[in-house]
Structure formats: C-alpha cells, structure tokens
Amino acid sequence: AMLFHVKHTHSWEACPYHDADRARETFGKAMAGIMDSDVGLVGAYVDAAAHTTFLILDATSASEIEEALAPVIDIGWAETRPIVDFAEVMDRVTDNA
C-alpha cells in the first residue's frame, strides 16, 4: 500500500457545516466509507473556516480513494497526491551521501 495526502475543498455555498443532515450525507458517509473499505485512515484534519479537509490515507491506488470519497465528490474538489514518510526519505538520502 501507499500513503496519499488528500486535500478536499468546497465553496461556502456547498458547505455542510451548518446542516447536520447534509454533513451526515457527505462527510459522514465519506468517513464511514473509508472505515468500511480497504483504505486505511492515518489522519483526518480540517480547516473549517477555509472549507478544506486534509486526509492522510493508506491505499493501494487513487481509485480506491475516489470510491471511498464518492459522497463528497459533488460538493467540491480534491487533490490526491502520493506521499512518503519523511524519516524514510531522510534515511535513504543520508545513507547514500
């Protein structure tokens, strides 16, 4: 599996912050979908005022993440990037120097 950083952003018009039912139908379902899938949740963080959610996920592919995040696809946009553990890179870089 690989680590991925997902940055999801939506507009203030689409934001479910003040609508509990909408929050359950979007981010609630997305988080439940992650927990019920083969995607591992490493961390989940939010900057609510900026309408931005940050996820660190452990998955075998970006397609797995797309499926898990299907409930929030219609309310915003997301960037999914593969990432590597910082200490692992430092060990590799300093051992080869």
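Select His10 and look across to strand E4 (76–83): His10 stands opposite Gly76 there. Strands here are DSSP runs of E with at least two residues, helices are runs of H or I with at least four, and both are numbered from the N terminus. This is a predicted model, where local features need pLDDT of at least 70, side-chain atom pairs count only at pLDDT 80 or more, and totals for chains, interfaces and linings use all residues. Residues are numbered from 1 along each chain as its sequence is written, and side-chain values use heavy atoms, with hydrogens and water left out.

**The sheet**

Now show E1 with E4. They pair in the antiparallel sense over eight bridges. Two strands count as paired if DSSP finds at least two bridges between them. Strands of a sheet pair through backbone hydrogen bonds, either parallel or antiparallel.

Four strands form an open sheet in the order E2-E3-E1-E4, with antiparallel pairing. E2 and E4 stand at the edges with a single partner strand each, so one side of each has no neighbour in the sheet.

**The cavity**

Next, select Val6, His8, Phe27, Ala30, Met31, Thr53, Leu55, Leu69 and Val72. They line the largest cavity. On a 1 Å grid over the protein atoms alone, a cavity is a set of points where a 1.4 Å probe fits but cannot get out; a pocket is an open set with protein on both sides within 12 Å along at least five of seven lines; lining residues have an atom within 4 Å of a point.

The volume of this cavity is about 50 Å³. A volume is the space filled by probe spheres set on the points, with grid points joined across faces, edges and corners. Colour the cavity lining by element: helix H1 (20–36) gives the largest share, three residues.

**The pocket**

Move to the largest pocket, which holds about 210 Å³ of space. Its lining has 13 residues; Tyr17, Phe27, Val46, Ala48 and Thr53 lie nearest the centre. Which strand gives the most to this lining? E2 does, with three residues.

**Gly28**

Finish on helix H1, where Gly28 is found. Then select Asp95: Gly28 and Asp95 are 67 residues apart in sequence and 43 Å apart in space, C-alpha to C-alpha.
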